[in-house]
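Visitor: I have a structure open and a few quick questions. Can you walk me through it?

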Amino acid sequence: MEPTLAARALAAATEITASALSDVDPGTVLGTVVRHAVELADADLGLVMVRAEDGSVTVEAAHGSERGDVLGLVLPAESAAGRVAAGGETVVTDDVTSDPRTSRFVPEVLQSFGPFAAASFGQGGRLLGSLTVYRDKGAEPFSPETVEVLTAFAGQAGVVLALAEGANARHRITLYEERERIARELHDVIVQRLYAAGMQLDRVRRRMRWRFAQADGARLGEAIDQLDATIEEIRGTVRELRTTEVEPREPAATRTDLAESARGEVRIAGELLGYPPTLELSGELADIPVERADHIRAALREALSNVVRHSGASEVRVTLHRDSEGVRLRVRDNGCGVPRDVAKRGLRHLAERAEGAGGKFTVNSSPSMGTLVAFDLPLDSD
């Protein structure tokens with residue numbers, strides 16, 4: 001191989017490697033590959049064709065004359081580019097329009113070209129497609145040395161892109177898992193602590209109101225409202241973290257142990273009430289889809305919050321049951337019911353949650369019978 005040509009090929013491969021392993025758009029990298037192929041082969045047109053499952057190849061990048069007319073062009077699996085993309089030997093011809101191996105598959109937009117060469121884009125078990133170069137009709141055919149360089153360059157460039165694709169996929173998985181960890185910490189730790197702090201402040205306000213000046217009581221109420229707003233903002237952040245597309249190759253943390261979550265919510269309520277609510281669990285609760293579990297947990301937290309704040313109950317019973325139809329939550333207390341003058345924003349929010357998720361939410365409350373909160377959610381739409 002001529003030393004200058006080899007040096008140029010090495011420099012081109014180095015540039016492609018640097019681009020592929022950075023955050024550069026894949027389309028830009030393909031453009032760099034085909035540009036260098038045209039320069040190395042002294043060609044008039046170069047194409048990168050990516051192979052589909054049916055064996056056909058599609059032009060994803062082009063450089064040189066007519067490049068704007070060929071992007072998106074599809075050639076069948078039987079074409080020279082298709083055969084090469086499937087792992088066939090490099091194809092070289094002096095005239096792509098008259099050679100029996102190639103002439104049947106030359107589209108009109110490429111009829112003005114003569115000398116042609118096609119090499120596999122990738123190596124071994126990781127073939128991405130084919131790299132083809134053309135010269136104008138009547139031009140000098142591609143020399144064996146040029147074809148050798150083109151073949152080696154196409155293989156190396158394809159391997160680099162395949163490795164970069166794997167590295168980017170691993171990066172996306174790591175990013176997804178880290179975002180899921182942050183979401184879980186926010187939802188399961190920070191929100192619980194804020195919730196408990198809000199409950200404690202509310203108890204102080206209600207039990208010791210007579211000791212506060214009116215202005216101090218109002219400020220305490222504002223602090224509680226700010227905690228509630230902060231909890232809602234964090235929940236929104238959690239939803240955003242869990243729904244934004246990062247194209248993970250492997251799912252991470254798609255299930256939640258709802259039984260453990262329920263125990264945590266009941267434990268916090270017990271600390272605030274001064275006695276432990278009764279908790280009854282039945283059915284398989286260890287593999288609930290995250291989104292569904294969040295709805296159930298929100299319903300349990302709101303129901304227990306109302307018990308702590310308003311009911312004056314001496315007994316609270318929480319039942320959580322899963323069967324073939326879904327998950328059923330019941331929170332029953334023997335308190336005074338939900339007072340009429342209490343803002344029911346949280347209950348309305350739960351009703352909207354249930355409706356949006358295909359479930360059902362009801363509240364039965366009276367001063368003599370206490371309150372029963374029911375939240376039913378199907379699991380067949382996760």
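Here is a short chat about the fold, its cores and some charged residues.

Visitor: What kind of model is this?

Guide: It is a predicted model.

Visitor: How many helices and strands does the protein have?

Guide: The secondary structure comes to nine helices and 13 strands. The protein has 382 residues, and 45% of them count as buried.

Visitor: What share of the contacts join residues at least 24 apart?

Guide: The figure is 65%, among contacts between residues at least 6 apart in sequence.

Visitor: OK, the core. How many residues are in the largest nonpolar one?

Guide: The largest nonpolar core has 36 residues. Leu 329, Val 331 and Phe 375 have the most contacts inside it.

Visitor: Which elements each supply at least two residues of this core?

Guide: Three helices and three strands are on that list: α7 (258–273), α8 (290–311), α9 (345–356), β10 (316–323), β11 (326–333) and β13 (370–377). The largest share is from α8, with nine residues.

Visitor: Which residue stands opposite Phe 375?

Guide: Leu 329 does. Phe 375 is in β13, and β13 runs antiparallel to β11, with seven bridges joining the two.

Visitor: How do β10 and β11 pair?

Guide: In the antiparallel sense, over eight bridges. They form a hairpin, with two residues between them.

Visitor: New topic. Asp 333: buried or exposed?

Guide: Asp 333 is buried. It is found in strand β11.

Visitor: What is the nearest side chain of opposite charge?

Guide: Arg 332, at 9.0 Å. Asp 333 has no salt bridge, because a salt bridge needs the nitrogen and oxygen within 4 Å.

Visitor: What lies 2.8 Å from the polar atom of its side chain, then?

Guide: The backbone nitrogen of Gly 335 does.

Visitor: And which residues does Asp 333 touch?

Guide: Not counting residues up to four places away in sequence, it touches Val 307, Ser 311, Ala 313, Glu 315, Val 316, Met 369, Gly 370 and Thr 371.

Visitor: How many salt bridges are in the whole structure?

Guide: A search finds 10. One of them joins Arg 35 and Glu 39, with the closest N and O atoms 3.6 Å apart. Both residues lie in helix α2 (residues 26–41), four residues apart, about one turn of the helix.

Visitor: Which salt bridge links distant parts of the chain?

Guide: Asp 95 with Lys 137 is one, at 3.3 Å, N to O. The two are 42 residues apart. Asp 95 is in the loop between β4 (91–93) and β5 (113–123), and Lys 137 is in the loop between β6 (126–136) and α5 (144–207). Lys 137 is partly exposed, at 42% relative accessibility.

Visitor: What does Glu 260 form a salt bridge with?

Guide: With Arg 263, the closest N and O atoms being 3.4 Å apart. They are three residues apart in helix α7, so about one helical turn separates them. Glu 260 is partly exposed, at 48% relative accessibility. Arg 263 is partly exposed too, with a relative accessible area of 41%.

Note on methods
Residues numbered from 1 in each chain as written. Predicted model: local features only at pLDDT ≥ 70, side-chain atom pairs only at ≥ 80, totals over all residues. Heavy atoms only, no water. Core = buried A, V, L, I, M, F, W, Y, C linked by side-chain atoms within 4.5 Å. Buried < 20%, exposed > 50% of the residue type's maximum accessible area, 1.4 Å probe, protein only. Pairing = 2+ DSSP bridges. Lys, Arg positive; Asp, Glu negative; His and termini not counted. Polar contact = N/O pair within 3.5 Å; in protein donor to acceptor, adjacent residues only side chain to side chain. Contact = heavy atoms within 4.5 Å.
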